[in-house]
Amino acid sequence: MIIGIPRSLFFYYFFPFWSGFFSALSLEYRVTPETTNPIMEAGATLCADEICLPVKLHFGHLQYLQEQEGVDLLFSPGFGRWGRRSHFCPKLIGLPDLVGLQFTQTAVFRHELDAAGRFAKEPWLGTIREIMPTVNKRVFTQAWKEGERRQAAFFELCRKGYLPPKAIEYLCGEKDSVEIGPALLNLGKKGKGVPRILVLGHPYMVYDNLAGQGLLQTLVHDGVQVFTKEMTPAGEVDKYWPTQEKRVFWTLGQQILSAAYYFVNKRLIDGIIFHTACLCGPDALIGDLLEKYLAREEKAPALLKLTVDEHTGYAGLQTRVEAFLDLLKWRRQYAAV
Amino acid sequence: MPRYKVTIASMGTTNIFLRSFLGELGFDPILPSGITRETLSLGSRYTPEFACLPLKVNLGNYLQTLEKHDPDLIFMAGGIGPCRFGLYGEVQKEILKSLGYDLPFIVVEPPKKHFTEVIDNFTRFLGRGFWRNLPRAVRICWHKAKVVDEIDRTVLTLAPRLSGEYPRKLWAKRDEYLIAVDGTDKVSRLKELLREAGEDFASLPQNVGGEILRVVVVGEIYTVLEPAVNFQLERVLSLMGIEVTRTIYISEWIWQQIILNFFRVDWQKDLRAQAKPYLTRFIGGHGLETVAYTVQAAENRQDGVIQLAPLGCMPEVVAMSIIRQVSKEKGIPVLSLLMDEHTGEAGIRTRLEAFVDLIQNKQAFFKQEKMA
């Protein structure tokens, strides 16, 4: 039995858990390659126009797996709660039902997370029993622990500033000898006058090969010191979030805002790039709240909102990023005068 | 305590009973002057591009009211997600603040989870004495909502059965009765009005025989209830001779969301069961209802389903993909209309007419087949 895992949605966030769990169960898995144009086009034709880019990419990856020889089952993640009174977005909650309309050979794995970020075991146990009836509770618990161990190690690497794709390669790669390479923090130049930029966005946008449009690489190449929300220190995630404000009930949205509050209050950054998908429901409002927050703040960093869909071209994006970097430079010169 | 001037956003007939509710509680209600193109363009100028239509229209309402009057507060409902509506209060507050209007919002969160918060909010602006007014306010509000919905329900069933010019007259009468309902604050008068309306409507001459096409309207609550954003969809269909079944009535919604939820009655059980083969989770908003009512419509041999939603509405986009499948499997025609500030009346009208043609032809086709 081989299960096919799509490199989409929360792959760059929860894959360490998935891989740890499946390898400990000795369940063979195969992962799709990085997103390519054909994958995206396949996804776009399978979905309604009004669906956001990440979900379209998810369908594309599943279609890719469907066409592979030897893949018996498609890994179809579902998402629900994440913390107390907090959720994923409605599209991700309804995702397995949408996937079920197009693909028949799927195994639904529900991600229900508590406030500490631990998964609920029951939905996984149910699905595993269906596809591997021989698995007993003890084996399952061991596999679960392995998954959690890898996941914790992954978050630790992210906080240190390693890029999730690199960290995943390092933690879950076939060979033990994979080099993790330098952390993002050490990639950019150090020193005075180097622009520091926080890239905010959902992991499936920022780290995806195609949706991300090579934004991080472009920034690093231009000598920018790049931060992401995954680099917020563990204990300080909510430190600067004003308690009187209503909390956002999408956990990713709250993480984005909290990260902005943290980096702005610590004065760690000169600019923010808000990287989002066209028709992303939560981000439409989160982006506006972010904008209004920065407008209130004294000496706030500059904000660039990048909205990407399946028609976005690399050149257009790069031009905007270059213009943004120029703007940061002028701001600094102006402040010096 | 001063009498605070409070304003609300417009949503279909809700103004009628919210005016009484807020007035009886001890506020001075200022109502929006209706939704026009102006409201839409004003609202969408200051809201994020991909925000949903209700947010834009609401903000347009507030801005138009703020230009002419000087309200002290804004009253609106809240939510706990995952639909975006729950965050409207925060976003609107921030936008108004950035435009120089710094006024407090009373956001009534669902009382099931935020009971004390709701009470605190009212006490803050009404004083402790508001308890004394509450029963009367709730009573009049509830009766008004019921009467308005009852009139609408009767009109929707009756209009396609009337002959000649009478459907148009019926709708005109309906508007008159709603104005009368709006004008009274006595429960006895409301009951009288409902009886009068019933008799009045029944006296109109009806067609005998003839088959009537039946269409179910499902979707997101705001676009279903607000005729100004759905271009009077119900009235248009009704005047084409189609019996419209609306699946959302505000009095039912209040009953479910506030009373039943508060006492933890599981009113969604049947809906969940109906939607289950297609949708297994609660996805917020009216997503579950849309799927369940579409399945129901197919089982009840209705002639078609029209789904109304704002563009980019997350629950409804999921539901839309799913009801297409329901349509395929159960053979019921489905039309999804997604509205935003650029939607034009003529475009919607054309699509509606095409849809009506389709279901008419379908019916004629089956009749022919039966005869052959």
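Domain bounds in this briefing come from an automatic or database domain assignment. For chain A, that assignment gives domain 1 (2-172) and domain 2 (184-336). The structure is a predicted model, in which local features need pLDDT of at least 70, side-chain atom pairs count only at pLDDT 80 or more, and totals for chains, interfaces and linings use all residues. Residues are numbered from 1 along each chain as its sequence is written, while chains are lettered from A and ligands numbered from 1 in the order in which they are written.

**Domains of chain A**

- The centres of domain 1 and domain 2 of chain A, taken over C-alpha atoms, are separated by 26 Å.
- In chain A, 29 residues of domain 1 are in contact with 27 residues of domain 2; contact requires C-beta atoms, placed from the backbone, to lie within 7 Å.
- On the side of domain 1 of chain A that touches domain 2 of chain A, two or more residues each come from α1 (11-24), α2 (37-46), α3 (53-66), α7 (137-159) and α8 (164-172) of chain A. Helices (H or I, at least four residues) and strands (E, at least two) are DSSP runs, numbered from the N terminus.
- α3(A) gives the most to this side of domain 1, with four residues.
- The residues of this side of domain 1 comprise 18 nonpolar, six polar and five charged. Ala, Val, Leu, Ile, Met, Phe, Trp, Tyr, Cys and Pro count as nonpolar, Asp, Glu, Lys and Arg as charged, and the others, Gly among them, as polar.

**Contact between chains A and B**

- Chain A contributes 27 residues to the contact and chain B contributes 32 residues.
- On the side of chain A that touches chain B, α4 (90-93), α5 (95-102) and α13 (281-296) of chain A each supply at least two residues.
- α13(A) gives the most to that side, with eight residues.
- By class, that side of chain A has 15 nonpolar, five polar and seven charged residues.

**Helix packing in chain B**

- Helix α7 (residues 166-183) and helix α8 (residues 187-202) of chain B pack at an angle of about 170°, with their axes 11 Å apart. Axes are lines fitted to C-alpha atoms, for helices over the stretch in contact, and angles run from 0 to 180 degrees between N-to-C directions.
- α7(B) and α8(B) are therefore roughly antiparallel to each other, a term for angles over 145 degrees.
- The contact includes Leu170(B) and Tyr177(B) of α7(B), and Leu193(B) and Phe201(B) of α8(B).
- Eight nonpolar, no polar and two charged residues form the contact of α7(B) with α8(B).

**Gly127 of chain B**

- Gly127(B) lies in the loop between α5 (111-126) and α6 (130-158) of chain B.
- Gly127(B) is exposed, with 12 other C-beta atoms within 10 Å; exposed denotes 12 or fewer such atoms.

Definitions and conventions
Angles under 35 degrees count as roughly parallel, over 145 as roughly antiparallel, 65 to 115 as roughly perpendicular and the rest as oblique. Two residues are in contact if their C-beta atoms, placed from the backbone, lie within 7 Å. A residue is buried if 20 or more other C-beta atoms lie within 10 Å of its own, exposed if 12 or fewer, and partly exposed in between; C-beta atoms are placed from the backbone.
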